[in-house]
Amino acid sequence: MTPIIDLRDIYKIYYMGENEVRAADGVSLKIYKGEFVAIVGQSGSGKSTLMNIIGCLDVPTMGEYYLNGEDVSELDDDEQAYIRNKTLGFIFQQYNLIAKLNVLENVELSLLYAGLSKNKRTELAKHALERVGLSDKLKNYPNQLSGGQQQRVSIARALAGNPSIILADEPTGALDSKTSREVLDFLKKLNDEGNTIVLITHDQSIAAEAKRVVRIRDGKIIYDGDAASAFEKR
Amino acid sequence: MGFYQAFKLALKSLAGNKMRAFLTMLGIIIGVAAVIILVSLMQGLTGEVTSIFSDLGTEVLTVTVQSRGATRTVDDKDLYELYEANGEIFSAFSPNVTVSGTVKYANTEYSSTVKGVSEEYMEIEDYELESGRFISYADIEYYQKVCVVGSYLNKEVYNGSAIGKYIKVGGNKLTIVGVLKETDDSSEKSGDDLILLPYSTACKVGKTQISSYSFFVRDTKKITYAEDVIGDYLYGIFKSDDYYMIINMQSLIDQMDEMMNTMTMVLVGIAGISLLVGGIGIMNIMLVSVTERTREIGIRKSLGARRRDIMRQFVIEAGTTSAVGGIIGILLGAAVSILLGNLIGIDATPTLLAVALSAGVSIFIGVLFGYLPASKAAKLNPIDALRYE
């Protein structure tokens with residue numbers, strides 16, 4: 001079976017003055033369809049870099065990245081945008097909704113850039129909002145919603161285009177424990193429905209919810225295995 | 001993202017910050033309004049002056065001879081010969097004598113214009129007779145003390161029955177033999193307030209000489225040729241063009257038109273500077289807006305917006321801003337021009353061309369000055385943009 005995400009010996013090297021910083025230092029990782037993977041690490045460990053590369057927001061300095069079997073390690077700006085639009089759904093810590101657009105318009109955004117017709121966009125966006133239980137808030141603006149609701153809007157936005165992978169970057173970082181629980185349960189539900197989910201977090205209790213944990217330190221993978229044994233050693 | 005969505009979004013973001021939008025547009029509003037007002041007023045003015053000059057007759061060549069210092073001279077007889085020899089070019093001819101004597105009837109003075117003319121002057125000026133007859137060849141030949149009066153004197157002084165009455169010009173009693181139909185509004189000092197007499201008589205009465213000659217041309221298209229015919233003749237006599245002058249009304253109008261156009265260009269150019277400043281204002285605000293919306297741009301990019309999508313959004317936003325400013329400017333400019341036109345009594349309604357041009361220019365300026373901020377936005381790195389606080 002072809003992995004959805006196939007990172008082969010990825011390096012990302014920054015230069016800060018004289019110093020060479022290896023944010024990714026020879027990372028190889030395969031993620032298959034239907035997996036729920038948590039990438040954990042302290043801040044500065046390189047997990048954000050990894051997430052940017054996986055999310056096609058950045059290209060590696062060296063190494064190859066196959067997404068759905070296609071080499072995406074040397075794409076230009078617009079080609080990356082196209083891949084993001086077609087295959088990735090992002091969920092951010094700060095929700096990242098556009099304040100002057102209402103809930104429906106926010107969810108329609110990626111469909112808009114995919115070039116879908118107005119009717120098709122509305123249909124898909126409404127369906128996605130239904131799945132997150134916000135059908136009654138279509139015309140509300142983000143600032144009229146609670147944090148949990150906003151995060152559900154951003155999940156709906158990530159789902160709307162039916163992406164191969166949902167990439168969640170600290171999705172519960174700005175939420176209280178109760179709403180965090182809801183969001184996590186929802187992500188689990190999505191995973192149960194067959195969606196591939198990659199979760200980036202520094203929080204081990206969150207990571208423990210995933211089926212598989214990948215731990216990063218200094219740009220290297222230091223653990224890759226099931227969640228249960230990931231934390232018992234410490 | 002479609003054009004229409006971008007346009008709607010742009011209107012929305014303008015509406016969302018009305019004060020800023022207004023201030024951004026102010027430069028464009030003032031610039032466009034200034035262009036419209038200047039063009040309209042200048043065109044109104046040109047039209048007004050042209051129509052005054054046209055009334056003087058575009059078919060007429062006026063010749064003045066100033067032979068002082070020349071070894072030879074020409075008189076009315078010579079020019080009559082020239083006129084008769086070129087019957088295929090000219091249809092009428094009249095020497096003109098301006099008489100400055102006082103006009104009196106029953107001890108009341110009038111300020112009427114007094115002119116000495118030939119029997120063909122009626123054709124030149126396109127006059128019609130109300131009653132009586134016009135000046136005849138015999139009147140000129142025999143220095144008859146007769147005259148034709150305009151409708152003003154006929155109405156005001158003689159109660160409509162001027163024929164057979166007399167009027168005094170410079171102390172000379174003239175018998176009124178004809179009354180002209182109204183050409184103006186029969187008021188004092190209008191075109192209807194005049195007295196015409198045989199030019200020979202006028203020279204005597206006014207103790208003056210012929211001041212100019214009018215040649216009436218059959219075909220206005222041949223007026224330049226006619227001018228050359230007269231010029232060649234006079235040059236042949238004087239061997240120099242210092243002693244005579246031929247005034248062609250049409251060429252005067254053309255010259256004036258050209259001058260007015262040049263002036264309009266200069267004024268519009270100056271007004272155009274404020275359009276430029278307005279454009280820079282838009283660019284400035286767009287740059288601020290791009291910075292403020294860095295995060296939004298990051299979100300859009302992460303969701304799959306390509307450079308050209310972002311580019312289009314900001315260019316359309318800038319174009320919309322300046323277009324809305326342009327529309328307000330056009331309305332304001334049109335209102336002010338019409339108002340000012342009414343105030344000074346000219347028709348200063350903006351032409352479609354002026355409106356279309358300023359609308360086009362304002363959109364162009366918006367797009368031009370929106371380009372830089374938009375390309376800055378389009379090139380933002382999504383990772384940095386997403387992290388931007």
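The structure is a predicted model, in which local features need pLDDT of at least 70 and side-chain atom pairs count only at pLDDT 80 or more, whereas totals for chains, interfaces and linings use all residues. Residues are numbered from 1 along each chain as its sequence is written, and chains are lettered from A and ligands numbered from 1 in the order in which they are written.

Chain A contains 8 helices and 10 strands (DSSP runs, numbered from the N terminus: H or I of at least four residues for helices, E of at least two for strands). Buried residues account for 47% of the 234 residues in chain A (20 or more other C-beta atoms within 10 Å of the residue's own, with C-beta atoms placed from the backbone).

In chain A, 18 residues are in contact with 19 residues of chain B (C-beta atoms, placed from the backbone, within 7 Å). Helix 2 (77–87) and helix 3 (103–113) of chain A each supply at least two residues of this side, and helix 2 of chain A gives the largest share, 6 residues.

The largest nonpolar core comprises 112 residues, with Ile39(A) and Ala156(A) having the most contacts inside it (a core being a set of buried Ala, Val, Leu, Ile, Met, Phe, Trp, Tyr and Cys residues joined through C-beta atoms within 7 Å). Helix 2 (residues 18–55) of chain B contributes the largest share of this core, 12 residues.

Notes: A residue is buried if 20 or more other C-beta atoms lie within 10 Å of its own, exposed if 12 or fewer, and partly exposed in between; C-beta atoms are placed from the backbone. Two residues are in contact if their C-beta atoms, placed from the backbone, lie within 7 Å.
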